[in-house]
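Subject: Structure handover

Hello,

Please look it over before you set anything up.

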Amino acid sequence: MESRIFDYIVVGAGSAGSVLANRLSADPKNKVLVLEAGRESHPWSRIPVGFAKLIENPAANWLYSSEPEAGTGQRRIPIPRGKLLGGSSSINGMVFVRGQSQDYDTWAQLGNRGWSYREVLPIFRDMESYQGDADDEYRGRGGPLKVTESNETGALYDALIKAAGEVGIKYTNDYNGAKQDGIGMTQATIRNGRRMSTAFCYLIPRAGDRT
Ligand SMILES: Cc1cc2nc3c(=O)[nH]c(=O)nc-3n(C[C@H](O)[C@H](O)[C@H](O)COP(=O)(O)OP(=O)(O)OC[C@H]3O[C@@H](n4cnc5c(N)ncnc54)[C@H](O)[C@@H]3O)c2cc1C
């Protein structure tokens, strides 16, 4: 009879759950069960522009909303959340931002040992495979999560960046690198025109590699 005994049960195969299942199952001694309430995939999920098709789609979205309250004029505010493998990383906006280094340093100063930016930087480097012009002290090239620098160009972008410069906001070629503040082009969890959800990068990585 098939064994139903597991060392770990991960409930929810979203951003966190997919990574956790990947890390736990890297040790062949571990028997890991992943339980996901949503479907395996959705045709619009792999295509970046499909974001718009999933934002109100109950087939791949829990479609939560906030309670009416005075601060929202008694309105319910939509709170989309992914309901499929990869969770919200399968329906999100794909913008890749690490967060401000000063925030991590402040957390460390408040007593959270191990959370300074210098200490979390190796994890950020290891998790990503960045395709873009960057300083390799800050960016990873061989990790599972595929991140790509936008290659869009045009007069509008040039004018916006120039205008920012005129009010003192300097250009940065990598807002996840040495110089986080400034104006620059978006980096996204997209590779070869396909969304790089955690499902593809961590749960079924060979499928992610094919794209
Ligand atoms: C529309 C949208 C746009 C976003 N845009 C960006 C962006 O551009 N950049 C960015 O960095 N972040 C963005 N985010 C935020 C980011 O995607 C989330 O913060 C992140 O994915 C949350 O990860 P999580 O593991 O906490 O939850 P999720 O990824 O949501 O995973 C939770 C999983 O648990 C499953 N689940 C829930 N209940 C059960 C149950 N009882 N049993 C089994 N499974 C269950 C769900 O179906 C889901 O798969 C966006 C989010 C949304 C929704």
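The domain bounds used below come from an automatic or database domain assignment. On that basis the protein chain has domain 1 (1-94 + 197-211) and domain 2 (95-188). Please keep in mind that this is a predicted model.

Domains

Taken over C-alpha atoms, the centres of domain 1 and domain 2 are 24 Å apart. Domain 1 puts 6 residues into the contact, and domain 2 puts in 8 residues. Between domain 1 and domain 2 about 540 Å² is buried, and carbon and sulfur atoms account for 57% of that area. As for specific pairs, 2 residue pairs are in polar contact between domain 1 and domain 2, with both residues of a pair at pLDDT 80 or more.

Ligand

The ligand is surrounded by 23 residues, and the closest are S15, A16, E36, S88 and V95. By class, the shell around the ligand holds 10 nonpolar, 10 polar and 3 charged residues.

- E36: a polar side-chain atom is 2.6 Å from a ligand oxygen.
- S88: an N or O atom of the side chain is 2.7 Å from a ligand oxygen.
- G82: a backbone N or O atom is 3.5 Å from a ligand oxygen.

On its own the ligand exposes 1000 Å², and the protein buries 65% of this.

Regards

Methods: Residues numbered from 1 in each chain as written. Predicted model: local features only at pLDDT ≥ 70, side-chain atom pairs only at ≥ 80, totals over all residues. Heavy atoms only, no water. Near = heavy atom within 4 Å. Polar contact = N/O pair within 3.5 Å; in protein donor to acceptor, adjacent residues only side chain to side chain. Areas by Shrake-Rupley, 256 points an atom, 1.4 Å probe, with all protein chains shown as cover. Nonpolar A, V, L, I, M, F, W, Y, C, P; charged D, E, K, R; others polar. Contact = heavy atoms within 4.5 Å. Buried area = accessible area lost by both parts, 1.4 Å probe.
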